[in-house]
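The following exercises ask the reader to work from the overall architecture to individual side-chain contacts. Each task is followed by a stepwise solution.

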Amino acid sequence: MTTINLKDFYYWYTQDQFIEVSEEVAAVFLADACYEMAYQRRLSRHKAQYSLDCDDGIEYSACLHEPTPQELLERMETFLRLWNALNSLPEIQGRRIDAYIILGKSIKEIAEAEGVHEESIRQSIKRGLERMKKLFDFFFLTHLELMKKCLGL
């Protein structure tokens with residue numbers, strides 16, 4: 001067992017708070033502290049050497065954490081479920097949701113382009129989003145059931 005000071009790892013501790021943790025937990029805390037210090041060094045180095053008016057993306061990349069492979073996989077799975085839910089809508093609802101949410105058009109613009117009343121566009125988008133939510137949940141539950149079957153649970 002190793003004794004660590006929580007004040008060294010959490011900024012909201014204003015006084016020393018010592019606890020005993022296992023060696024593995026202490027190693028994780030130390031690795032995280034090292035990673036955070038390296039990140040702060042990288043951030044200050046890039047901001048000190050490059051102008052924010054340069055538009056080369058360096059300050060943007062220095063301010064972001066790199067996503068882990070697990071986060072990238074979760075994003076991809078979420079994107080695929082959303083894509084499947086959107087593509088399983090009727091063509092009109094899919095087109096209207098695409099124009100409203102993805103392309104950022106207003107309901108008035110969509111209604112004028114299609115030559116229909118704004119309320120019908122609004123209702124179509126609302127029903128489409130509700131249907132997408134059901135389909136998204138269905139795809140998610142189906143995915144979980146397949147995982148359980150594969151794992152034998």
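**Exercise 1. A residue of the surface patch**

Task: Determine in which helix Leu 73 lies, and which residues make the nonpolar surface patch of about 530 Å².

Solution.
Step 1. Leu 73 lies in helix α3, which spans residues 69–87. The model examined here is predicted.
Step 2. The relative accessible area of Leu 73 is 43%, and the residue is therefore classed as partly exposed. Patch residues must have over 30% relative accessible area, and the value of Leu 73 is 43%.
Step 3. The patch is made by Leu 73 together with Met 76, Phe 79, Leu 80 and Trp 83.

**Exercise 2. The overall architecture**

Task: Describe the order of helices and strands along the chain, and state what share of the residues counts as buried.

Solution.
Step 1. Six helices and two strands are present in the chain.
Step 2. Their order along the sequence is β-β-α-α-α-α-α-α.
Step 3. The chain has 153 residues, and 18% of them count as buried.
Step 4. The accessible surface of the chain amounts to about 12,000 Å², with 59% belonging to carbon and sulfur atoms.
Step 5. When contacts between residues at least 6 apart in sequence are considered, 39% join residues at least 24 apart.

**Exercise 3. The nonpolar cores**

Task: Identify the residues of the largest nonpolar core, and state which helices each supply at least two residues of this core.

Solution.
Step 1. The largest nonpolar core has 11 residues in all: Ala 85, Leu 86, Leu 89, Ile 97, Ala 99, Ile 107, Ile 110, Ala 111, Ile 121, Ile 125 and Met 132.
Step 2. At least two residues of this core come from each of α3, α4, α5 and α6.
Step 3. Leu 89 belongs to this core. Setting aside residues up to four places away in sequence, Leu 89 touches Gly 94, Ile 97, Gly 128, Arg 131 and Met 132.
Step 4. Another core, of five residues, lies apart from the largest one; Ile 4, Leu 6, Val 21 and Phe 29 are among its members.

**Exercise 4. The salt bridges**

Task: State how many salt bridges a search of the whole structure finds, and examine those formed by Arg 95 and by Glu 119.

Solution.
Step 1. The search of the whole structure finds four salt bridges.
Step 2. Arg 95 and Glu 91 meet through their side chains in a salt bridge, at 3.8 Å from N to O. The two residues are four residues apart in helix α4 (residues 91–102), so about one helical turn separates them.
Step 3. Glu 91 counts as exposed, because its relative accessibility is 66%. Arg 95, by contrast, is partly exposed, with a relative accessible area of 39%.
Step 4. Arg 95 also forms a salt bridge with Glu 114, at 3.4 Å from N to O. Since Arg 95 lies in helix α4 and Glu 114 in helix α5 (residues 107–114), this pair ties together parts 19 residues apart in sequence. Glu 114 counts as partly exposed, at 26% relative accessibility.
Step 5. A network of salt bridges links Glu 91, Arg 95, Arg 96 and Glu 114.
Step 6. In the salt bridge of Glu 119 with Arg 122, the closest N and O atoms are 3.0 Å apart. These residues are three residues apart in helix α6 (residues 118–151), which means that about one helical turn separates them.
Step 7. Both partners count as partly exposed: Glu 119 has a relative accessibility of 34%, and Arg 122 has 36%.

**Exercise 5. The surroundings of Ser 124**

Task: Decide whether Ser 124 counts as buried or exposed, and name the residues in contact with Ser 124 beyond four places in sequence.

Solution.
Step 1. Ser 124 lies in helix α6.
Step 2. The cut-off for buried is under 20% relative accessible area. Ser 124 has 5% relative accessibility and so counts as buried.
Step 3. Apart from neighbours within four places in sequence, Ser 124 is in contact with Gln 93 and Arg 96. The side chains of Ser 124 and Arg 96 are joined by a polar contact of 3.4 Å.
Step 4. Gln 93 belongs to helix α4. Its relative accessibility is 12%, so Gln 93 counts as buried.
Step 5. With neighbours within four places in sequence again left aside, Gln 93 is in contact with Ser 124, Arg 127, Gly 128 and Arg 131.
Step 6. Ser 124 and Ile 92 are 32 residues apart along the chain, and 8.3 Å separates their C-alpha atoms.

Technical notes: Residues numbered from 1 in each chain as written. Predicted model: local features only at pLDDT ≥ 70, side-chain atom pairs only at ≥ 80, totals over all residues. Heavy atoms only, no water. Patch = residues over 30% accessible without salt bridge, like charges linked within 9 Å, V, L, I, M, F, W, Y side chains within 5 Å. Areas by Shrake-Rupley, 256 points an atom, 1.4 Å probe, with all protein chains shown as cover. Buried < 20%, exposed > 50% of the residue type's maximum accessible area, 1.4 Å probe, protein only. Contact = heavy atoms within 4.5 Å. Core = buried A, V, L, I, M, F, W, Y, C linked by side-chain atoms within 4.5 Å. Polar contact = N/O pair within 3.5 Å; in protein donor to acceptor, adjacent residues only side chain to side chain.
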